Amino acid sequence: MKYALVTGGSRGIGRAVSIKLARMGYQVLINYVNNTTEAEKTLQQVQRTGQDGELLKFDVSNGQQTRQALKTWQNTHPGEYIEVLVNNAGIRRDNLLALMPEEDWNHVLDTTLKGFYHVTQPLLQPMIVHKSGRIINIASISGLKGTQGQTNYSAAKGGIIAATKALAQEVARKNITVNAVAPGYILTDMVEGLDEATLKKTIPANRFGTPGEVAELVGFLASPEAAYITGNVISINGGLYT
């Protein structure tokens, strides 16, 4: 049995990635925090592929909660391990830094950066023991070039990119790859409220991307064919920024 965990898997990119990994033969663990209805929809779509999945409810920013959820899963699956981890959970709290409440700064960084640590750290040892693993972190164009009004989000995603490059060097000898995917504007809840008509004029491809397109890239990085690719950040942005 092959297992994959997708954090923030209930909607958007997380849902598309969960379905893609299920089609690749993985039993998918779908992490979510609050929206049980959407998480169950993702699970149903995973099951339609012929694979099964599980819902794992925990807040990645909460270390104790995350460790307990992963420990409980491990105790009920003796001898198994999570081979593919997709760190997708993330939030936006946009504002100019001069006007940004400390709570919004902390919430964004805690979800993305602390979340990366809380989930990845306990799953690394089993990957090392089995000498096999794929860790794929969902970054952002904001982490590459910075985005006005998103200092917190840019800092969080930039940190994920740096962590990706460092961790890749630590575990490469154990046949574990660590890569990041940096989407541009993708048609998900994360771009709600943005002026799509105006923004797409700035994109050479003249459109927003789809969650399915991001999922295809994640699927490739999770595949055996990507075994020699590690420590990389791959942009998927329609040519907006390279």
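So, H4 and H6. This is a predicted model, and in it the axes of helix H4, residues 102-130, and helix H6, residues 151-171, come within 8 Å of each other, crossing at roughly 15°. With angles under 35 degrees counting as roughly parallel, that makes H4 roughly parallel to H6. The crossing itself is right-handed.

Who's touching whom? On the H4 side you've got, among others, Trp105, Leu109, Leu113, Phe116 and Leu124, and they face an H6 set including Tyr153, Ala156, Gly159, Ile160, Ala163 and Leu167. Sorted by class, that contact has 13 nonpolar, five polar and two charged residues.

Okay, on to the cores. The largest nonpolar core has 29 residues, and Leu5 and Ile135 are the ones touching the most other members. Strands S1, S4 and S6 and helices H3, H4 and H6 each put in at least two residues. Take Leu5: beyond its neighbours within four places in sequence, its contacts include Leu29, Leu56, Leu70, Ile82, Val84, Val119 and Leu123, and also Asn31. There's a second, separate core too, with 25 residues, including Val6, Leu21, Val28 and Ile138.

Is Thr66 buried or exposed? Buried: its relative accessible area is 0%. Setting aside neighbours within four places in sequence, Thr66 is in contact with Phe58, Asp59, Val60, His118 and Val119. And you'll remember Val119 from the Leu5 contacts.

Note on methods
Residues numbered from 1 in each chain as written. Predicted model: local features only at pLDDT ≥ 70, side-chain atom pairs only at ≥ 80, totals over all residues. Heavy atoms only, no water. Axes fitted to C-alpha atoms, helices over the stretch in contact; angles between N-to-C directions. Helix = DSSP H or I, 4+ residues; strand = E, 2+ residues; numbered from the N terminus. Parallel < 35°, antiparallel > 145°, perpendicular 65-115°, else oblique. Left-handed = near helix turned anticlockwise from the far one by under 90°. Contact = heavy atoms within 4.5 Å. Nonpolar A, V, L, I, M, F, W, Y, C, P; charged D, E, K, R; others polar. Core = buried A, V, L, I, M, F, W, Y, C linked by side-chain atoms within 4.5 Å. Buried < 20%, exposed > 50% of the residue type's maximum accessible area, 1.4 Å probe, protein only.
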